Amino acid sequence: MSVQTKRESKRLTCSDTPKSLAEHFLHHLRFTQGEGWESATSHDHFVSLALSVRDLIVDRMVATQRTYHERDVKRVYYLSLEYLLGKQLRNNLVCLGVYDAFREALERLGLDIDHLCELEPDAGLGNGGLGRLAACYIDSAATLQLPLYGYGIRYEYGIFEQEMVDGWQVEHPDYWLRFGSPWEIPRPEFTTPVRLYGYVADQHDSRGRYRPVWKGYRTVMGLPYDIPTVAYGANTVNLLRLWSARASETFDLAAFNRGGYVEAVREKATSETISKVLYPSDEMDVGKELRLMQQYFFVACTLTDVIRRYEKNHDTLDALPDKVAIQLNDTHPALAIAELMRIMVDERGIEWERAWELTRGCFGYTNHTLLPEALEIWSVSLLGRILPRHLQIIFEINDRFLKEVDRRWPGDLTRQRNLSLIQEGPVKSVRMAHLAIVGSHSVNGVAALHTDLIRSRLVPDFAELWPEKFSNKTNGVTPRRWLLSCNPGLAAAITKRIGDGWICDLEQLRELEQYADDPAFQKEIRAVKHDNKQRLADWIQRRLSIRVSPDALFDVHVKRLHEYKRQLLNILQVVMRYHRLLDEPDAELAPRVVLFGAKAAPAYARAKLVIKFICDVARTINRDERIGDRLKVVFLPNYRVSLAERIIPAADLSEQISTAGMEASGTGNMKFALNGALTIGTLDGANIEIREAVGEENFFLFGLTAEQVSNSRPRHDPWQTYNNNAAVRRALDAVASGEFNPESPELFRPVAGWLTHDRDYYMLMADIESYLRAQQQVDMQWRNPEVWTRSAILNIARIGYFSSDRAVREYAEQIWNVTPTPIEPPSEEMWKRPAAKAHAKTPKKTVKKTTQKKTTRKVSKTTA
């Protein structure tokens, strides 16, 4: 199926012919891979194709950076500890508009472009929704022609590869860089030193002012790698810059000559551990220490880079907030606030009040969670040992801030305790979310309900102190990857009806409403969905040896495994469905394939037991010949972006069933609706806004509201549901008695206990009866294909608001104050002239002048 569009075909240049692209491919096969046609492997073919595509990107990338520099535009720096990029080859081909041309070129050589795209490993730079959102946002920023740079860590190993062994999750290293990445461009000329540990010496300058000096530190180097982010329908190519840790001294020759061979490389091994793994386990102190070093390493490298780029055109930092916007994607990069203050006060000699004004003018903070464990805190002792100067700065920020609080609410010690950056108690700690709020000019949530709960529950005193700081920016997803690229059949059907403008303006999908009752369009939509389901069914058969029917309803629950996301609620209703089919073989229940995909954090024992339970229920049901194709359950191992791109286009029903008030937003809910799946869900996160958008009749609602959860949790009695509902009681008894694991009948008894003896914190028993009723509504509607398809079309047509283009545009206009910077098509002349310097001096401002130390710096020839 072609993913070419009319818009893309207009952007092909005269040189991008299938013949010239084939020659380019063969050039890389010969001169880059060093292989002849007969000896080349599939990997050689993949790399040659990727490098041929990268060559088309580089001219635009250089033109983009040169334009930003020459126009001295305000730039956005998006700091995220995660980026779930997925495979990039197909997406880049689509965005450049050369997918069909390369497909024809490779067909001439007897190669299949789709096979080569599948060979690319997923970039292991993220864990869940946070990382995927960041990837969507940098995609949208490029397409909107906004000058935005993503910054993160180049993890050598991703979160982990999940293998299922007898139903248990087993983690293996995700060495996604085993063969390198053809998209990376190393930038050793921008290697940055980062200081750790040591102590602070009290010193004074010649004027008697206190000037503390950080001494006795250990140095780690940060080596940047650039990954281009390609716009769709524009010439912009922005950068995602990732930092890799290196030792300042990689080899101790004296130790080696003494016979200390391990000692000779100890510094290298210790330093490079910082960027080895995403989210090292923090169960032990050494893990906490590594996580803190990881976060500081990331922000220290990034801020050095930001200021280096800024100072190419400015002699003082006076205009920094006018030229730099830094967005903190959750609390992980919050140390950037203390680091920028350290740079200004300690290295540039700027007075504290002016430095704080500049710092707050630069930062914005996005909160992504209401869960206490995700709102990071660091013990004062650990922070002081690794970053002694930063702890001093944080204490100073807090002292000045609490004086401001006291002026607002004199003598209100409760307010001061609630607002303080320092959490008192047995372990004195720094609240990173509070640092992010105090040090930023903007704080936003990611869904309307989430933002309301931030204001009313999470930090109500901050919201009362600075109501103007808080705003909502509902999340969104990029339609380029999550429809155009991953579901070309549906994209083609849409484009045939309304044109291809929706690709960059998703609100245009609204024009599909007129086709909701059109029999021809309904038939085409059903055919596309059936084809997608058949492809997924074939994949399941090949990989897992489980046969599923594409004619069944595909009921999908894929997301990170956490108790609040309630995968357990779903599998319990599957158990009840199984019991009913055994008791009533003729029951009017739609044939279903229930698909799960999830990873549990390695130390999260309950989550791993839920996965085991799902797998054992699946094994029991799938082997029961009495059930046949009426019900199948499949756990899809190693859930990741590329697997989501296979699953989401095939889904009929999207399970978004988290406990109300606990999911910040979610973006999977948006992707499923965009691809024509109907949602069964609670009033949580962005579900509320999605339901309002697509229409209540096109959404299967159940469960308590966030307010009802909060009010009823203290008096919730799960035993009442257990005693009064025979189906629920039978299911829990089956879980506890070992029906699904006769070899170890005690194994799942704790699972039943969580919902009864442990008081059911996530309110499964409170919502289960409502959930079962909603599932009955699903069965009834599925039996009427025309009604189901009409709802699916209306979901697609009305989901346009949830584009990441809309979300990023809101950030740009309301928080960052940046405007699009169109990039002219690159030309050969670009390589023949040096980049012009934009401004020799910082423009004069009405604010008081900053006193700064003059620094000598070497300006690189490049504009990156």
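1. A salt bridge here is a side-chain nitrogen of Lys or Arg within 4 Å of a carboxyl oxygen of Asp or Glu. Asp779 and Arg577 make one, with their closest N and O atoms 2.7 Å apart. This pair links distant parts of the chain, 202 residues apart: Asp779 sits in helix H33 (residues 764–782) and Arg577 in helix H24 (residues 567–583). Helices (H or I, at least four residues) and strands (E, at least two) are DSSP runs, numbered from the N terminus. Both Asp779 and Arg577 are buried, where buried means under 20% relative accessible area, exposed over 50%, and partly exposed in between (1.4 Å probe, protein chains only).

2. Before going on, a word on the model. It is a predicted one, so to speak of local features takes a pLDDT of at least 70, and side-chain atom pairs count only at pLDDT 80 or more, while totals for chains, interfaces and linings use all residues. Residues are numbered from 1 along each chain as its sequence is written, and side-chain values use heavy atoms, with hydrogens and water left out.

3. How many salt bridges does the structure hold? The total is 63. Another of them pairs Arg389 with Asp346, again with 2.7 Å between the closest N and O atoms. Arg389 belongs to helix H16 (residues 388–408) and Asp346 to helix H13 (residues 335–347), so this contact ties together parts that are 43 residues apart in sequence. Both Arg389 and Asp346 are buried.

4. Next, have a look at Arg415 and Glu464, whose side chains meet in a salt bridge (2.9 Å, N to O). Here, too, distant parts of the chain are linked: Arg415 is in helix H17 (residues 413–419), Glu464 is in helix H20 (residues 460–465), and they are 49 residues apart. Are these two buried or partly exposed? Arg415 counts as buried because its relative accessibility is 15%, whereas Glu464, at 39%, counts as partly exposed.

5. Some salt bridges join up into a network: Arg187, Asp226, Arg241, Asp305, Arg308 and Arg309 are linked in this way.

6. Finally, a sheet. Three strands form an open, antiparallel one in the order S13-S15-S14; two strands pair if DSSP finds at least two bridges between them. Strands S13 (377–379) and S14 (422–423) stand at the edges with a single partner strand each, so one side of each is left without a neighbour in the sheet. S13 is joined to strand S15 (residues 429–431) by three bridges, and the two run antiparallel. Within that pairing, Ile377 stands opposite Arg431 in S15.
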